[in-house]
Amino acid sequence: MTGTDSLRTAMIEAAERQLATSSDNEIATRAVCEAVGVSQPVLYRLFGDKRGLLDAIADHGYERYATLKAAQEQTADPVADLRAGWEGHLAFARENPALYQLMFTPRPWSHSTARDRVFDLLVATLVRCAAAGALQVEPRIAAQLILSASIGNALNHLADPALFDDPALSHRMRDAVFSHVLTESTAQKDADPLCAAALRLHAQMNLGGTDALEPAEAALLLRWLERITQPG
């Protein structure tokens, strides 16, 4: 790590500490610079402006979130891993309320990729579910539904814990969304078996591929499978 990288990390960590203790989820750039022992022009050189620093804090939060996800044991049951991921997501929000709100509350000017990268982690788990035949919608659609529900659930809990603190509420939200995207014990009797098979094969191709097809043939097969699984 270069000296510039070390200084950048130190400033992000100082800003995150200030954010965690702030009563209004705000930071003061002057205080961040004083905590690290640099002048404000250094902050502007490294981050552009305060918004750039906030984006860097959000992305640093993603790195912490991803580390926690990596430490979570990946079992042979992707659906169980998906359920554990829901609980882990809410636990991260409770333990890092100001950081979580910075990561997931919309900021139109933000260039942070934190939300997108959390989405990609979820898609990876859902691809495993699809490969096991446990998913009844395309993984990215399932991820959109689940992430929307989990973020809304977490933000409501942080905004009004007295109203949203009951764990049963989170579980009911989780089960309602999972029952829509998963096949386990909730499979629709009129579900299209061809669509289900295409979803599973598409996921298995993404996970392991095949030596039986040329790259162009594999790409064409994936395209056909995508067309089969698209609504309508």
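The count of salt bridges in this predicted model comes to 10, a salt bridge being a side-chain nitrogen of Lys or Arg within 4 Å of a carboxyl oxygen of Asp or Glu. The mean pLDDT of the chain is 89, and 95% of its residues reach 70 or more; pLDDT is the predictor's confidence in each residue, from 0 to 100. Residues are numbered from 1 along each chain as its sequence is written, and side-chain values use heavy atoms, with hydrogens and water left out. Because the model is predicted, local features need pLDDT of at least 70 and side-chain atom pairs count only at pLDDT 80 or more, while totals for chains, interfaces and linings use all residues.

- Side chains of opposite charge can pair when their charged atoms come close.
- E26 forms a salt bridge with K50, with 2.8 Å between the closest N and O atoms. This pair links distant parts of the chain, 24 residues apart: E26 is in the loop between helix 1 (3-21) and helix 2 (29-36), and K50 is in helix 4 (residues 50-71). Helices here are DSSP runs (H or I, at least four residues), numbered from the N terminus.
- E26 is partly exposed at 41% relative accessibility, and K50 is also partly exposed, with a relative accessible area of 30%. Buried means under 20% relative accessible area, exposed means over 50%, and partly exposed lies in between (1.4 Å probe, protein chains only).
- E87 forms a salt bridge with R174, the closest N and O atoms being 3.2 Å apart. The pair links distant parts of the chain, with E87 in helix 5 and R174 in helix 10 (residues 167-181), 87 residues apart.
- E87 is partly exposed at 30% relative accessibility, whereas R174 is buried, with a relative accessible area of 12%.
- E87 and R174 belong to a network of salt bridges that also links R83 and D175.
- E226 forms a salt bridge with R223, where the closest N and O atoms are 3.8 Å apart. E226 and R223 are three residues apart in helix 12, so about one helical turn separates them.
- E226 counts as partly exposed at 32% relative accessibility, and R223 is partly exposed with a relative accessible area of 41%.

**Helix 1 and M11**

- Helix 1 has 19 residues and reaches 27 Å from its first C-alpha to its last, close to the 27 Å expected at 1.5 Å a residue. The expected span is 1.5 Å times one less than the number of residues in the helix.
- The buried residues in helix 1 are M11, I12, A14, A15, E16, Q18 and L19. They pack against helix 2, helix 3 (40-47), helix 4 and helix 6 (97-104).
- M11 lies in helix 1 and counts as buried because its relative accessibility is 0%.
- Leaving out residues up to four places away in sequence, M11 touches V32, C33, V36, V38, V42, L43, L46, F47 and L53. Contact means heavy atoms within 4.5 Å.
- The C-alpha atoms of M11 and A35 are separated by 8.1 Å, although the two residues are 24 residues apart along the chain.

**H89 in helix 5**

- H89 is found in helix 5 (residues 78-95) and is buried, at 3% relative accessibility.
- The side chains of H89 and Y65 are joined by a polar contact of 3.1 Å. A polar contact is a pair of N or O atoms within 3.5 Å; within protein, one must be able to donate a hydrogen and the other to accept it, and residues adjacent in sequence count only if both atoms are side-chain atoms.
- Not counting residues up to four places away in sequence, H89 touches Y65, Y100, F104, L147, S150 and I151.

**Helix 11**

- The 16 residues of helix 11 (residues 193-208) should span 22 Å at 1.5 Å a residue, and the end C-alpha atoms are 22 Å apart, which agrees.
- C195, A198, L199, H202, A203 and M205 are the buried residues of helix 11. They cover an arc of only 160° around the axis, so they lie on the same side of helix 11. The arc is that of the directions from the helix axis to the C-beta atoms.
- P193, L207 and G208 are exposed on the other side of helix 11.
- Helix 7 (114-131), helix 8 (139-159) and helix 12 (215-229) are among the elements that cover the buried residues of helix 11.
- G209 follows helix 11 and has a positive phi, near 65°.

- Over residues 185-190, pLDDT stays under 50, and the model has four contacts beyond four places in sequence for them.
- Where pLDDT is low, the predicted coordinates should not be read in detail.

Methods. Helix = DSSP H or I, 4+ residues; strand = E, 2+ residues; numbered from the N terminus.
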